[in-house]
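Student: I have a structure to go through with you. Can we take the pocket and then the aromatic rings?

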Amino acid sequence: MLYLDRPVVPWRGRLWSHLISDVSYEELHVFAEALGAPRRGFDRDHYDLPAERFPMAVWLGARVVPSRDLVRLLRDSGLRRPKHLTRLPGPRVRG
């Protein structure tokens, strides 16, 4: 299933929502492509989706949920990728 929150996050003069899948990243990428969302909109475990694409995402079947539910759904599905776990490790300093 695909989920998104309402576009309320302001950035660069636009409002944005977040699109996730609780099934797989493949499902998420296929859905985003159908929406015309560029791959650069993918951020670790979700797509940042501009408000203009929100109505089409809902029409295509994404379920609208509160923002706080997105993280829970990702965590419960095992697809959550927190920022601190996605950074590349730096060199280790031994001393």
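Student: Which residues lie nearest the centre of the largest pocket?
Tutor: Trp11, Trp16, Gly41, Asp48 and Pro50, out of 13 lining residues. A pocket here is an open set of points on a 1 Å grid over the protein atoms alone, where a 1.4 Å probe fits, with protein on both sides within 12 Å along at least five of seven lines; lining residues have an atom within 4 Å of a point. This is a predicted model: local features need pLDDT of at least 70, side-chain atom pairs count only at pLDDT 80 or more, and totals for chains, interfaces and linings use all residues. Residues are numbered from 1 along each chain as its sequence is written, and side-chain values use heavy atoms, leaving out hydrogens and water.

Student: Which strands supply at least two residues of that lining?
Tutor: E2 (9–11), E3 (14–21) and E5 (46–50). The largest share, three residues, comes from E3. Strands are DSSP runs of E with at least two residues, and helices are runs of H or I with at least four.

Student: What is the lining like by class?
Tutor: Six nonpolar, two polar and five charged residues. Asp, Glu, Lys and Arg count as charged, while Gly is among the polar ones.

Student: Changing topic: how many aromatic pairs are there in the whole structure?
Tutor: The search finds three. One of them is Trp11 with Trp16, edge-to-face, at 5.9 Å centre to centre and 65° between the planes. Rings pair if their centres lie within 6.5 Å; planes under 30 degrees apart count as stacked, over 60 as edge-to-face and the rest as tilted.

Student: Is Trp16 buried or exposed?
Tutor: Trp16 is buried, at 13% relative accessible area. The cut-offs are under 20% for buried and over 50% for exposed, with partly exposed in between (1.4 Å probe, protein chains only).

Student: Which rings are in the cluster?
Tutor: Ring pairs link Tyr25, Phe42 and Tyr47. Tyr25 and Phe42 are edge-to-face, 6.1 Å centre to centre with 80° between the planes. Tyr25 lies in helix H1 (residues 25–35) and Phe42 in strand E4 (residues 42–43), so the pair ties together parts 17 residues apart in sequence.

Student: Where does Tyr47 lie?
Tutor: Tyr47 lies in strand E5 and counts as buried at 2% relative accessibility. The side chain of Tyr47 makes a polar contact with the side chain of His29 (2.7 Å). Such a contact is a pair of N or O atoms within 3.5 Å, where one must be able to donate a hydrogen and the other to accept it.

How values were computed. Phe/Tyr/Trp six-rings, centres within 6.5 Å; stacked < 30°, edge-to-face > 60°.
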